[in-house]
Amino acid sequence: MRSVFALDVVFRDKTQSAGGADPLPVCRSPNPFQHESDWARFGVEASIKADLWEAMKCHPDGLTFDEIIENLKQRGDNHCKHEGVREELEENPYFFKLPSSKWTLSIFRPLKWGFADKAQIAEDFIEALSLLPGPELAAVASRKVDDGELEAAQEFAKKHGVQRVYGTYKELAEDPDVELVYVSNIHVAHKDTVLLMLEHGKHVLCEKPLAVNARDTKEMVNKAREKNLFFAAGLWSRFFPAVQKIRELIQCGTIGEVGYFHADFLLQMGEEVKRLYTPEMGGGALLDIGMYPIAMGSWVFGQRRPDAVQAMAVMHPNRIDTTGVVNLRYGERSMSTVTYSMALPTAPIVGVIHGSKGRITIHDKMHCPTKITVEIHGKEPFDLEFSPPEKPPEISHGDAEGGWNFEGSMGFVYEAMAIHSAVVSGVKELKDVSNDEMVMLMEVTDEIRKQIGVTYPQDEK
């Protein structure tokens, strides 16, 4: 575990006025509309929320409302109305009210995380999570004690600063100290693992896909609601600043009425990746790869259910899909087309949103984007770039660019901030990864699988 959290470079920028020390240290940073600023790098849009982020990031012990207003004035934010500030503080989970009635950023509040499995994606996520000041890495569990699983979990814990290690998920679920569990095992095991954690009163963040079908997804969602616990899919793309900006541009009518979205997500992964070619393990390209462009299309069209679904696929002898094309129609005037593959040479992963006034291009890598281009008819195109936070040099555990297991994993910090803040603030569901939408998306993939002829043993249970 790092001795100083990596975001210290953001929070430590305290300055003094010419007349001596400010009574309230003020964090100076560039104009929030410059993309290298804190709000852009950490997923906080340019708004009252961004102003509050700048005002409060130096004050983990909190500020009173009057102190916040004074801090905003010192930063030159005199345009902020008191009513808007109070409303943002009370309604946005990024902010937390202390018993002293002071306000602080929710990421400063402690929360004990547990980890069900030690997959490569968990290794990337835990490193990004560790950049935040509030999370405590309480425990990790392997799925079993033998076959070297427990030893691997012990090594994972030692490497990433996790306090305790368990040989079964049940032991993790029974740990009274753990508040929130990140589930990252294989998706055919998600349902049982998630239900176990929920039954023991744990909040849950579960990697996508939540399950192999809509029925199992509904069961998890219903259990979380019954237990009044937080539950969300780890659809990390939704929390990237570029993806948030896309939604804002669409809602503002920048490119007019959106009529078409197209995306390609092509990777080449051979049969040595056994789970992808095994029906019993939820294999196939749809749930592993196709879910990304389908979910992006859902985001573009307001997270609503498509009115029609058409799909075709190239099939492997094991009766799983290796390449697919899906058409989704939204109403009478809009549609999306997505192409996905795990068997074609890797190509740029891009998406294009076409509107009546222009288009938005989501550059490679579309599932963890840092750049979009906006083209409005009759005007010069312009780029919006959202550089991720700077990676600490000690993160170097994988073969992907930057020392990660998967390219772009620094962006997990956006998801980590949102989930940590939501649970600390008592939020049970996040609208950006709405559980109702996740059920709907699984119903869409169920329909796609029906059309292309992919079934799993879990479908019969």
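Select Trp-113, Phe-115, Phe-125, Tyr-182, Trp-236, Phe-240, Phe-412 and Tyr-414: ring pairs link them into a cluster. Rings of Phe, Tyr and Trp (its six-membered ring) pair here if their centres lie within 6.5 Å; planes under 30 degrees apart count as stacked, over 60 as edge-to-face and the rest as tilted. By this rule the count comes to ten aromatic pairs. In Trp-113 and Phe-125 the ring centres are 5.7 Å apart and the planes meet at 45°, so this pair is tilted. Trp-113 sits in strand E5 (residues 111-116) and Phe-125 in helix H6 (residues 120-129), twelve residues apart. Helices (H or I, at least four residues) and strands (E, at least two) are DSSP runs, numbered from the N terminus.

Before moving on, a word on what you are looking at. This is a predicted model, in which local features need pLDDT of at least 70 and side-chain atom pairs count only at pLDDT 80 or more, while totals for chains, interfaces and linings use all residues. Residues are numbered from 1 along each chain as its sequence is written, and side-chain values use heavy atoms, with hydrogens and water left out.

Are Trp-113 and Phe-125 buried or exposed? Trp-113 is buried, with a relative accessible area of 0%, and Phe-125 is buried at 0% as well. Buried means under 20% relative accessible area, exposed over 50%, and partly exposed in between (1.4 Å probe, protein chains only).

Next, select Phe-265 and Tyr-292, an aromatic pair that is stacked, with 5.5 Å centre to centre and 20° between the planes. Phe-265 lies in strand E11 (residues 258-266) and Tyr-292 in helix H12, so the pair ties together parts that are 27 residues apart in sequence. Phe-265 is buried at 3% relative accessibility, and Tyr-292 is buried at 14%.

**The core**

Now select Met-56, Trp-113, Phe-261, Ile-353 and Ile-419. Of the 135 residues in the largest nonpolar core, these touch the most other members. Such a core is a set of buried Ala, Val, Leu, Ile, Met, Phe, Trp, Tyr and Cys residues joined through side-chain atoms within 4.5 Å. Helix H12 (residues 285-300) supplies the largest share of this core, eleven residues.

Which residues is Ile-419 in contact with, leaving aside its neighbours within four places in sequence? They are Trp-113, Leu-180, Leu-205, Phe-230, Ala-232, Phe-239 and Leu-430, where contact means heavy atoms within 4.5 Å.

Colour helix H13 (residues 412-424) next. From its first C-alpha to its last, this 13-residue helix reaches 18 Å, close to the 18 Å expected at 1.5 Å a residue; the expected span is 1.5 Å times one less than the number of residues. In H13, 13 of the 13 residues are buried, so the helix is largely enclosed by the rest of the structure. Just after H13, look for Gly-426, which takes a positive phi of about 85°.

Select strand E16 (residues 358-362), where four of the five residues are buried. Strand E15 (residues 350-355) pairs with E16 in the antiparallel sense over four bridges, and the two form a hairpin with two residues between them. Two strands pair if DSSP finds at least two bridges between them. Ile-353, already met in the core, stands opposite Ile-360 in E16. E16 also pairs with strand E17 (residues 371-376), antiparallel over five bridges, and here Arg-359 stands opposite Glu-375 in E17.

**Backbone stops**

Most residues other than glycine have a negative phi, and most peptide bonds are trans.

- Asp-364 and Lys-365 are joined by a cis peptide bond, with omega about 0°; Lys-365 lies in the loop between E16 and E17.
- Lys-208 and Pro-209 are joined by a cis peptide bond, with omega about -10°; Pro-209 lies in the loop between strand E9 (203-207) and helix H10 (214-227).
- Ser-101, not a glycine, has a positive phi of about 75°. Ser-101 is in the loop between strand E3 (95-97) and strand E4 (103-105), and is partly exposed at 42% relative accessible area.
- Asn-228, not a glycine, has a positive phi of about 60°, in the loop between H10 and strand E10 (231-234).

To finish, zoom out: the chain has 14 helices and 18 strands, and buried residues make up 56% of its 461 residues.
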